[in-house]
Protein chains: 2
Amino acid sequence: MSADADINATWVAVDWGTSTLRAWAMDPGGRVLAQARSDQGMAGLAPGAHGFEPVLLDLIAPWLGQGCTPVVACGMVGSRQGWAEAGYRNVPAAPLSDNALTRAPSHDPRIALHIAGGLSQTNPADVMRGEETQIAGFLSQTPGFAGVIAMPGTHSKWVHIVDAEVFHFVSFMTGEVYALLAKSSVLRHSLDPKGFDEAAFLEAFSDALSHPERFAAKLFTLRAEHLLHGTDPQVAAARLSGALLGLEVAGAKPYWLGQPIALMAAGTHAKRYGAALTEVGAAFTLHDPDACVLDGLRAAYLTLQTAKVA
Amino acid sequence: MSADADINATWVAVDWGTSTLRAWAMDPGGRVLAQARSDQGMAGLAPGAHGFEPVLLDLIAPWLGQGCTPVVACGMVGSRQGWAEAGYRNVPAAPLSDNALTRAPSHDPRIALHIAGGLSQTNPADVMRGEETQIAGFLSQTPGFAGVIAMPGTHSKWVHIVDAEVFHFVSFMTGEVYALLAKSSVLRHSLDPKGFDEAAFLEAFSDALSHPERFAAKLFTLRAEHLLHGTDPQVAAARLSGALLGLEVAGAKPYWLGQPIALMAAGTHAKRYGAALTEVGAAFTLHDPDACVLDGLRAAYLTLQTAKVA
């Protein structure tokens, strides 16, 4: 998607992950004037301004005026393999703070890049990068929230919020394991990830929740059911998804049990995690991840303005 | 490895799996005259005699005399994607029976191919193909064994033997999941599978055994430990292996608890599963998988001879 012409951005918001780059042209009031998207995520780029800057400029150049436009970015763009490393702050920590942005080098005088740092946890070791900005956005809309934010994804996170800070969190490799099994394992012959058989999903979910130790056996059962009983590949895909979510929700029990839960998810994730949380009797509210990341980038931009005024 | 010349096989034993083909030239007394090996496993070949026969003849032609030489094969060569499908027999069943061999079509008059069928289980759905021949070989050496055979591998199996029959079994996708995670996931940056740090392995094993529900979180911890603490990649690889084995041994507890265990493993598998079984206080004897598969093929060849005499 190419950027619109005739746009003059006051600042540019950027969410640059492993596989996707998204940018928004913002007006002085924080309204979106235009948006653009590219598949040139971190994974395909050479580290440093050398690899990243031309890609960003390709996307947002039509929005840039004569002066220097601030760009506020979050996500893997701030990792060691990104444009510039924006360090982790250790929890407990606010998802966004006055020193959360790192000024990153750029060659083109039309942009001044600021990258949000991630959060880290010492024990158990854990990291997030990008989610802290979504959390900051969520908290800007829901100040005073105390409870747990569930963030499904490639590396799903459960985040305990206390006093507007990230107190503790845990990541699960659920999404990545699902993709590996569905695309690259022997199960690929037995699965069709289209559709959503909720009954099959919930049965596998409950089974994995009660018996997480059977996970690796359940995987092979999916293959054998296909060979012996010709199980519908959509049913098998729902069972794989259910087994992985059951394992995750079992492992995340110390997080969700008795806590208010904000589920930050859309589409397939919202449907599956919503069904899973309902199944375990956990009440939750649903929040749009895109709206949250944009609100988080707005909040980060405000810290820059505040710093200038101070 | 090419086959030796000046060998005249009475019959040929073949173990043809997903990734490897092995063949042995046998004398009338069941002694090995020569052996050969190829990387042309089932996965790389077109189904049917068309794809498989030239590969086998390339390997064993030097062993064939003027007449027709019986070839007895086991493994994925008998799957739907193999040379010819050798059906499953449903458990409880002897690992080898008079009707366990399927006569498969071949074009070259110098060979007569017989493929061992696999075993299946209806509920939970499960299958084995190749292992039944190893089990038959093991039982030919250990008649009267009652207990459990643990068979580590790409799809590890735990097999309950009662009255010389496979009574019940369970497969775990442990080996395949390890390979996918180590080679294709974000963990590939944090792991070095060389060496074996037994302390790290056992710690992760015990942790997963007690808390299998934390498995997907433990995976991400390996990544975060590397990023934050620069964990030695060999330690991380041992922890991944320990976590996967802990999950498997937890799931296989109904099999190993209070049972005599025969561990059919060599090399790395023998070391790791041996350490794991010792850790849970399970006594076991160790058996060589290669010797067992060859003994199983010998036993299968004998059923052919018996059938001729009868």
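Analyst: Start with helix H2 (residues 131-141) of chain B: it is mostly covered, with 9 of its 11 residues buried. Helices are DSSP runs of H or I with at least four residues, strands are runs of E with at least two, and both are numbered from the N terminus. This is a predicted model: local features need pLDDT of at least 70, side-chain atom pairs count only at pLDDT 80 or more, and totals for chains, interfaces and linings use all residues. Residues are numbered from 1 along each chain as its sequence is written, while chains are lettered from A and ligands numbered from 1 in the order in which they are written.

User: Which residues of H2(B) are buried?

Analyst: Among them are B:Glu131, B:Thr133, B:Ile135, B:Phe138 and B:Leu139. Buried means that 20 or more other C-beta atoms lie within 10 Å of the residue's own; exposed means 12 or fewer, partly exposed is in between, and C-beta atoms are placed from the backbone.

User: Why is B:Pro109 called exposed?

Analyst: B:Pro109 has 8 other C-beta atoms within 10 Å, so it is exposed. B:Pro109 is found in the loop between strand E6 (101-104) and strand E7 (111-116) of chain B.

User: What makes strands E2 (residues 21-26) and E3 (residues 32-38) of chain A a pair?

Analyst: Two strands pair if DSSP finds at least two bridges between them. E2(A) and E3(A) have 6 bridges, in the antiparallel sense, so they pair. A:Arg22 stands opposite A:Arg37 in E3(A). The two strands form a hairpin with 5 residues between them, and A:Gly30 in the turn has a positive phi of about 85 degrees.

User: How do you know what kind of axis relates chains A and B?

Analyst: A rotation of 180 degrees with 0.0 Å of shift along its axis superposes chain B on chain A, RMSD 0.0 Å. That is the relation of a two-fold axis. Copies are superposed by least squares on the C-alpha atoms of residues with pLDDT of at least 70 in both. In chain B, the C-alpha nearest the axis is that of B:Pro212, 2.9 Å from it.

User: How confident is the predictor?

Analyst: The complex gets an ipTM of 0.93 and a pTM of 0.94. Chain A averages a pLDDT of 95, and 98% of the residues score at least 70; pLDDT is the predictor's confidence in each residue, from 0 to 100.
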